[in-house]
Amino acid sequence: MSADAPDFVGEHDIDPTTLDIIESTLANTRDEMDRVVETTAISPVIREQSDQFPLIADAEGRMVMGQFGSAIDTIIENSPFEVSDLEDGDVIATNDPYMCAGAVSHTPDMLLLRPIFYEGDLVGYSSQWGNLMDVGGKTPGSMPVQAATVFEEGIRLPPVKLYKGGEFDGELLQTFAHNTRLPEHAEADIKALAAGTRTAEERVHELCDRFGKETYVEGCDAILDRTRDGMIDLIHEFVPEGERYTFEDYVDDDGMGNGPIKLHLEIYREGETVYLDWTGTDDQVPGTVNFLLNEKMFKMFTGVFLIMAFDPLLTFNDGYYDLFEVTLPEGSVVQPEFPAALGNRLPMMARQFDVLQATFSKLIDGFSVAGSYGTSPNLVYAGTDSDGNDFQMLEILYGGIPARPGGDGLDGHSWWPLFRTVPAEYQEAYYPLTIDEYSTRADTGGAGKHRGGHGITKVYTFEEDGAITFQDDRAHTYPWGVDGGSHARTSEKKLIRTDGTEEELPSKVENVPVAAGDRLVFSTAGGGGLGDPLERAPGQVATEVARGLSTEEAAREEYGVILDDDGSVNADATERQRADIRETRGDLAEFDYGPLPDYDDLEAEIAAERREFDRRG
Amino acid sequence: MSYNLGVDVGGTFTDVLVFDEDTHELTIDKVLSTPANPSEGVLRGIEEATEKAGTSVGELDLLFHGTTVVTNMLLEETGSRVGLITTEGHEDVLHLARAWTPGPLYGWMDMDKPDPLADLVDTRGVPGTISSPEGEETEPLDEAAVREAVRDLQTSGVEAVTVALLNSYLNSAHEKRVREIVAAEAPELPVSISSEIVPEYGEYERTLTTAINDYARPQVIRYLDDLDDSLEDAGSTAKMNVVRSDGGLMSSEAARNRPVELALSGPSGGVVGAATIANEKGVPDVLTLDMGGTSTDVSLVEDGTPGTTRQTKVGYREFKSRSVDVNTVGAGGGSIARVQLSGALQVGPESSGADPGPACYGQGGEEPTVTDANVVLGRIPEMVQLGGRMDLDHAAARAAIEGIAEQRGTSVEEAAQAILDIVNENMYGALRVVSVERGYDPREFGLVAFGGAGPMHANALADVTGAYPLIIPPGPGVMSAFGFLTSDVQNEFSETYLQTDLDVDGAAVHGELESLREEAAAWLESEGVGPSAHEFEYFADCRYFRQDIQMSIPIDVDNLVDGRGLAEIKDDFEARHDRQFGFSLDAPLEIANLRVIGKGSLEGVTIEEHALGDVDPSGAEVGTNEVYFDGSYVETPIYDRTELRPGNEVTGPAIVVEDDSTIVVQPDHTATVDRYANIEVTRGESA
């Protein structure tokens with residue numbers, strides 16, 4: 001054990017069964033926090049899309065249970081008070097990414113932090129954050145595409161006490177809510193988040209009642225320690241020492257004509273320490289796709305990947321932080337400097353996951369995952385209806401989950417856990433629009449022994465004049481295939497005006513006016529394929545053609561499967577076709593990035609697309 | 001002479017209870033289930049049990065029948081081929097499944113997503129639209145397209161048809177028309193329409209629920225037809241009642257139309273039975289614990305009434321059907337213990353099943369299970385033959401637990417105790433979900449334990465939850481069948497309302513409820529319940545405007561018009577919201593749904609009351625055993641439950657054995673046989 005190992009490492013004076021009980025109670029509490037927020041929040045984004053993130057930390061602010069890591073020390077550092085100023089019943093609130101080192105990475109995410117006291121002593125913290133519908137700024141939903149600074153992205157609360165000693169500061173909340181377009185939503189959702197943190201406080205109190213405060217605190221240390229031990233085993237088993245592995249991929253653009261934007265990651269191991277270095281990543285960009293990546297959160301992502309790939313039963317927490325060394329170059333798109341705009345960090349966040357997956361796919365023998373649909377596409381439709389009522393709809397959409405070691409990717413599913421689509425019937429009941437289609441985009445997932453998930457198409461007809469703002473990505477670059485699997489198809493957006501004229505739109509637009517009767521066709525990208533498509537079982541290909549998830553053409557050209565008129569596999573013709581393809585195609589690449597133009601051409605294409613769109617204005 | 005009979009068809013065993021209406025005597029019988037042809041086992045059970053009770057099938061008056069047939073069909077994916085007719089453009093509704101992937105981050109990597117119950121190959125979209133929220137037709141139904149779709153599906157071999165169109169919860173005209181066309185074109189195919197199965201918003205859940213109905217329907221129809229025929233052949237004239245997931249009863253005709261309502265038919269019986277017994281005993285607020293071989297169902301009963309939920313979950317699928325609110329956790333006698341990479345001990349959800357079963361069954365099982373831990377610690381005495389059928393292999397149990405002891409570096413006893421502590425903790429977690437999480441303090445509740453393994457673990461759970469008294473009813477292994485006998489004829493009628501207290505008043509709500517009540521009354525009549533026996537309960541599912549919560553608030557209809565109207569409902573809602581979540585809002589009240597439950601009671605069984613006798617239990621003592629409690633072995637007396645008499649008091653530690661289960665009474669506890677023949681366990685010396 002290294003001399004500078006964290007203080008929780010060592011012998012723990014706690015009965016192992018008690019420890020297991022504390023751990024499982026905290027795990028259940030995390031789920032309970034989510035349930036409380038989901039049921040009491042008002043925003044569809046929180047309640048239907050489960051966009052909230054609980055954690056329980058120890059008295060040092062280290063996350064014992066949760067999945068996004070904590071930045072509690074930074075938050076308190078940036079607040080006007082010290083740890084010693086915290087009191088029972090306080091709740092700290094902030095939505096300023098720059099005040100919490102990116103623990104929340106754009107302004108609509110409101111983070112609440114509650115110190116937990118027992119018999120007068122600080123025994124830990126609970127924290128919960130969620131995506132509010134609106135925090136003001138230049139566009140409804142507060143995620144402008146074209147903003148140069150964070151000042152255009154709404155009101156920011158620095159870390160301040162929203163509750164002081166159990167007393168709720170109504171004036172503070174009112175001041176905040178007053179600056180948003182949907183003040184009642186903001187108030188209800190923030191209260192729901194606070195209720196979530198209170199749930200954790202109650203459960204921690206119960207654990208202290210049951211086992212004693214000292215045992216509880218010792219238990220937290222031991223939970224951190226045993227996760228660290230488990231992670232050391234995983235690292236030794238799966239991360240080879242010595243060699244350096246790198247991977248590069250691009251986010252299309254920043255919504256202002258700048259792109260492609262490169263992410264570059266290098267991973268290597270020395271002893272027990274795994275180094276993850278983002279040097280070589282592009283500088284921050286003028287638009288809003290900058291992603292203030294919290295270092296601890298990235299360590300968490302890395303650990304969670306290893307755990308989910310190889311030992312899904314291991315608890316993840318801050319215990320393994322000292323085993324990862326992360327380099328995030330200052331001023332890069334993954335560590336932008338204040339006051340860079342951050343509203344649309346989702347493409348960068350998603351790509352960061354793709355790059356991490358790809359680097360591990362290179363580094364770990366026999367384990368590969370392809371590239372994903374590349375962001376959490378979202379759409380805002382806002383305006384004032386004929387009766388004079390304001391409306392504002394925010395929706396997250398989904399695309400193709402990459403092919404996985406265990407099988408095909410999923411069509412139109414969420415790479416981010418626990419999200420759900422908002423029902424079309426909810427949208428039609430509460431907003432002036434109809435949903436004319438919500439369907440799978442056949443063939444858009446990359447072919448492969450395991451195919452990538454397909455993207456989706458959703459068609460909206462607007463019933464009132466208003467404006468739409470949306471962001472998506474993977475319109476210029478392709479979700480890559482791996483180990484012989486093919487790349488997926490790109491995303492597309494089209495506006496069909498009432499007179500029948502069609503406008504192709506870039507993947508990121510802001511406040512595009514729409515009139516009643518206009519239709520939006522929103523199509524998301526697929527996920528990449530894994531393994532040689534010619535190794536896919538012909539019967540499986542035939543079934544997918546019958547289901548309308550694949551075309552006969554794709555069956556023939558990509559999978560080499562020839563179907564008879566009744567839809568069944570023609571075995572002889574299939575064998576010949578597969579032999580032909582094998583003969584004429586080149587060697588299969590480890591990664592298939594799709595037919596990407598040269599870097600300079602791609603850069604010019606992206607700039608031209610934006611110029612053309614701005615000119616149409 | 002007349003008899004009533006309750007029959008609970010499980011995956012492995014079919015339990016039968018016969019109640020003699022004259023002598024009030026109960027006869028228990030258990031036969032093997034016959035999953036390949038379920039009606040066969042049921043008939044055999046009925047014949048065997050009636051014979052045992054000294055009567056015959058012809059003497060039966062009322063039949064109460066619950067079954068896991070639908071549950072197993074869903075879990076094992078053995079239902080029928082379903083065709084789906086939906087709105088054009090929305091054909092992928094089941095395939096896209098609301099995009100949900102499990103947590104945590106990267107949960108998608110391991111997600112195992114089953115195919116939709118209606119395959120895309122068997123799904124057809126048809127043109128025709130209904131506007132929202134007005135519910136007006138904006139594009140007529142394309143009947144030619146419907147006809148073509150039906151013929152197409154018929155030729156391709158579907159066995160049932162689901163019709164689920166967008167916005168049909170607002171206007172069901174199109175769905176009804178599609179049903180007429182199916183009936184005309186393919187009269188042999190059962191067809192369900194979503195606006196009748198779940199008249200509520202949410203296209204995915206409504207479509208899924210309706211598809212489940214049709215997935216189960218052809219087999220349920222066949223099964224009930226067979227059962228009716230064979231009962232008739234056996235000379236039965238009894239009225240058949242089928243137990244629904246919410247613990248109510250419906251006719252076998254109604255069950256043929258709505259098999260989705262049977263998804264949790266089995267577990268509901270136990271809860272209803274437990275509620276009845278506890279209520280009769282004067283303990284109306286109880287938690288229930290039903291621990292079997294692979295899983296445990298827990299629930300909360302308040303004021304004698306089991307809680308119900310609208311969200312029912314079976315495996316991956318979560319759908320909208322009213323059921324007794326049971327929380328299921330993978331903790332049972334067969335749950336397997338493992339040591340994780342981090343050193344943490346995990347028990348379940350994997351189970352050794354019935355075959356090979358725990359190591360102590362001596363059928364070749366080697367994995368350490370909860371039952372093996374109980375055997376090692378002496379909690380299952382030598383004289384007990386599990387299920388009355390097999391001898392215990394102590395050596396095999398000990399060998400299985402030794403593996404865990406080695407990995408944990410403890411003694412075998414400590415390892416066995418740790419397994420029990422962890423499995424108890426898992427059940428405690430489940431009990432917390434139904435109590436603490438919903439704002440109830442378990443210390444204000446009693447605990448009713450049943451199921452094969454429940455009585456063995458119940459005392460430990462009463463201890464940790466503080467839920468006393470612990471009540472172990474007679475025949476804990478056949479509690480569901482008993483519960484069926486206590487059930488009422490019951491059905492729920494609901495509609496989506498989506499109005500706020502700014503837009504409607506009490507009179508408007510009263511009008512809506514009245515029309516639902518009329519529907520309920522008509523249904524009760526059709527189930528053979530006369531108007532004098534009708535009872536109605538009224539509920540509004542409330543939330544703050546646009547919240548997702550749906551708190552069911554009971555309504556006193558008389559106060560809607562003359563009393564405080566909606567204000568009374570709002571106050572009740574806010575009080576509950578505050579109790580559960582700790583805050584309320586200055587926002588309008590939204591009534592999402594209105595519901596009326598129509599009930600008619602049947603007298604299936606009467607609970608016998610006995611005089612209390614002597615406290616001395618020594619007449620029932622059959623030996624002693626070394627049992628491990630709190631770190632050491634204690635010589636512990638063993639009692640035979642069949643010899644214990646009302647009034648007898650047993651001081652813990654003690655083991656009480658009976659045919660289908662074993663009761664562990666912990667040290668510092670007292671077990672008393674009450675006047676209803678329940679065993680009641682309390683903390684400390686006798687009360």
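Helix axes here are lines fitted to C-alpha atoms over the stretch in contact, and angles run from 0 to 180 degrees between N-to-C directions. Helices (H or I, at least four residues) and strands (E, at least two) are DSSP runs, numbered from the N terminus. This is a predicted model, where local features need pLDDT of at least 70, side-chain atom pairs count only at pLDDT 80 or more, and totals for chains, interfaces and linings use all residues. Residues are numbered from 1 along each chain as its sequence is written, with chains lettered from A and ligands numbered from 1 in the order in which they are written.

**A helix pair in chain A**
- Helix α1 (residues 16–40) of chain A packs against helix α6 (residues 213–238) of chain A at about 80°, and their axes are 10 Å apart.
- That angle makes α1(A) roughly perpendicular to α6(A) (the label covers 65 to 115 degrees).
- On the α1(A) side you'll find Thr18(A), Leu19(A), Ile22(A) and Glu23(A), which meet residues of α6(A) including Tyr216(A) and Ile223(A); contact means C-beta atoms, placed from the backbone, within 7 Å.
- By class, this contact has five nonpolar, three polar and one charged residue. Ala, Val, Leu, Ile, Met, Phe, Trp, Tyr, Cys and Pro count as nonpolar, Asp, Glu, Lys and Arg as charged, and the others, Gly among them, as polar.

**Domains of chain A**
- Chain A splits into domain 1 (16–224) and domain 2 (245–293 + 328–532 + 588–616), with bounds from an automatic or database domain assignment.
- Their C-alpha centres lie 28 Å apart.
- Domain 1 of chain A puts 30 residues into the contact and domain 2 of chain A puts in 32.

**A sheet in chain B**
- Four strands of chain B make an open, parallel sheet in the order β6-β5-β9-β10; strands pair if DSSP finds at least two bridges between them.
- β6 (123–126) and β10 (191–193) of chain B are the edge strands, each with a single partner, so one side of each has no neighbour in the sheet.
- Strands β5 (residues 82–87) and β9 (residues 160–164) of chain B share five bridges, and Leu84(B) is partnered with Thr162(B).
- Helix α7 (residues 203–233) of chain B lies across β5, β9 and β10 of chain B, at about 165° to β9(B).

**Where the chains meet**
- Chain B brings 57 residues to the contact and chain A brings 66.
- The biggest giver on the chain B side is α12(B), with five residues.
- That side of chain B divides into 28 nonpolar, 16 polar and 13 charged residues.

Methods
Two residues are in contact if their C-beta atoms, placed from the backbone, lie within 7 Å. Angles under 35 degrees count as roughly parallel, over 145 as roughly antiparallel, 65 to 115 as roughly perpendicular and the rest as oblique.
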